[in-house]
Amino acid sequence: MNQEHTISLAGIMGFPVTPFDNREQVNENAFQANVRFLVSHGLDSIFVGAGSGEYQSLTVHEYTQLLTAAISETNGRVPVFAGAGGNIRDAVERVQLAEKLGADGLLLLPPYLIIPEQEGLFQYYQTIAGSTSLPVIVYQRDNAVFTLSTLERLAQIPNVIGFKDGLGNFELNLEFVQVIGKGLQWMNGMPLAELTMPAYSAIGYRSYSSAISNYIPHVSRKFYECLLAGDDAMLQQIYREIILPIHRIRQQRKGYAVSLIKAGMEIVGLPVGLTVRTPLIPVERAHYTQLEAIIQRSHELIPNTHA
């Protein structure tokens with residue numbers, strides 16, 4: 001197993017969106033503003049072209065455009081990871097492109113639709129990881145669910161350094177961490193990960209992907225600081241007044257995992273627009289108004305010292 005890792009996955013991971021104009025063309029300036037905002041607020045890494053970035057809708061040209069912009073904007077201050085997955089041929093092409101462009105690592109997304117046998121799942125991730133020398137994080141969610149033995153085999157691959165969980169099976173996760181331990185770095189990738197991070201932290205997870213950091217990163221930071229410090233009173237207040245209310249809006253419509261981020265960013269003045277590519281749908285006005293009130297309350301409760 002990999003006992004030494006070239007990139008640390010501790011902390012809060014930033015997942016920028018892909019901004020589109022009214023013609024659904026990538027707005028590179030808005031994307032750079034998103035990345036700049038995340039880095040300036042202390043996010044520990046940037047992940048381009050993943051779920052929040054609408055990976056499933058990006059052409060190779062757009063993928064290149066976004067990754068090049070992120071690498072230029074971060075300028076080595078934090079690691080930049082590129083998403084890749086779905087069609088195995090496309091995934092290998094994009095992984096190799098990411099390496100050529102200068103990405104620091106990769107997040108490998110699940111295969112397209114197929115619910116595979118464990119051997120097929122292993123071969124899928126092994127093939128993609130084997131096509132590059134970049135550090136790789138494997139992502140468990142939806143149709144990519146690992147057994148312990150499969151994840152142990154993947155952990156033996158030299159450039160597989162991390163595991164991101166978007167499934168939420170804590171019995172399985174506990175077994176993974178207890179058996180594989182430092183052979184992998186552990187990342188909480190559940191929707192609105194702040195909601196579950198206390199439980200993940202308790203079993204050994206040291207990082208998480210934060211969607212809300214795209215518009216209220218001061219809340220993400222304060223939340224994580226309170227979690228690490230054991231400040232349960234403040235943690236519970238953040239839950240009651242910010243995290244759970246946002247979670248309730250997200251549950252109202254499928255696809256809000258992306259479009260609600262863009263709504264939050266527009267509310268705080270980041271120029272990404274509200275456009276999402278189908279089959280995602282934009283946030284409805286009533287839900288937008290509810291989010292506005294939550295964001296206003298977040299600034300009252302936790303002053304943003306970076307503003």
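Glu24 is partly exposed, with a relative accessible area of 31%. On this scale, buried means under 20% relative accessible area, exposed means over 50%, and partly exposed is what falls in between, with a 1.4 Å probe and protein chains only. Glu24 sits in the loop between β1 and α1 (28-40). Its phi is near 65°, which is a positive value in a residue other than glycine.

Before I go on, the ground rules. This is a predicted model, in which local features need pLDDT of at least 70 and side-chain atom pairs count only at pLDDT 80 or more, while totals for chains, interfaces and linings use all residues. Residues are numbered from 1 along each chain as its sequence is written, and side-chain values use heavy atoms, with hydrogens and water left out.

A second residue with positive phi is Asp142, at about 50°, and it is not a glycine either. Asp142 belongs to the loop between β5 (136-140) and α5. Is Asp142 buried or exposed? It is exposed, at a relative accessible area of 57%.

Helices here are DSSP runs of H or I with at least four residues, strands are runs of E with at least two, and both are numbered from the N terminus. Eight strands close into the barrel, in the order β1-β2-β3-β4-β5-β6-β7-β8, and the pairing is parallel. Averaged over the sheet and ignoring direction, neighbouring strands are turned by 30° against each other. Two strands count as paired if DSSP finds at least two bridges between them. As an example, β1 (residues 11-14) pairs with β2 (residues 45-48) in the parallel sense over two bridges. Met13 has Ser45 in β2 as its bridge partner.

What covers β2? Both of its faces are covered: Ser45 and Phe47 are buried on one side, and Ile46 and Val48 are buried on the other.

Next, the helices. Two packed helices are described by the angle between their axes and the distance between the axes. Axes are lines fitted to C-alpha atoms, for helices over the stretch in contact, and the angles run from 0 to 180 degrees between N-to-C directions. Contact means heavy atoms within 4.5 Å.

Helix α3 (residues 88-101) lies across β3 (80-86) and β4 (105-111), and runs at about 165° to β3.

On the α4 side the contact uses Gln118, Glu119, Phe122, Tyr125 and Gln126, and on the α5 side Thr150, Arg153 and Leu154. By class, that contact holds three nonpolar, three polar and two charged residues. Nonpolar here is Ala, Val, Leu, Ile, Met, Phe, Trp, Tyr, Cys and Pro, charged is Asp, Glu, Lys and Arg, and the others, Gly among them, are polar.

The other pair is α8 (residues 217-229) and α9 (residues 232-250), packed at about 145° with their axes 9 Å apart. This crossing is left-handed. Helix α8 brings Val219, Lys222, Phe223, Cys226 and Leu227 to the contact, and α9 brings Met234, Leu235, Ile238, Tyr239 and Ile242. That divides into nine nonpolar, no polar and one charged.

Lys262 lies in α10 (residues 256-267). Lys262 is buried, at a relative accessible area of 0%. Leaving out residues up to four places away in sequence, its contacts include Val17, Phe20, Glu54, Val272 and Leu274.

Leu192 is in the loop between β7 (185-188) and α7 (197-202). With 3% relative accessibility, Leu192 counts as buried. Beyond four places in sequence, Leu192 touches Ile212, Ile243, Ile246, His247 and Arg250. Its C-alpha is 6.3 Å from that of Ala211, 19 residues apart along the chain.

Pro279 is in the loop between α10 and α11 (285-301).

Technical notes
Left-handed = near helix turned anticlockwise from the far one by under 90°.
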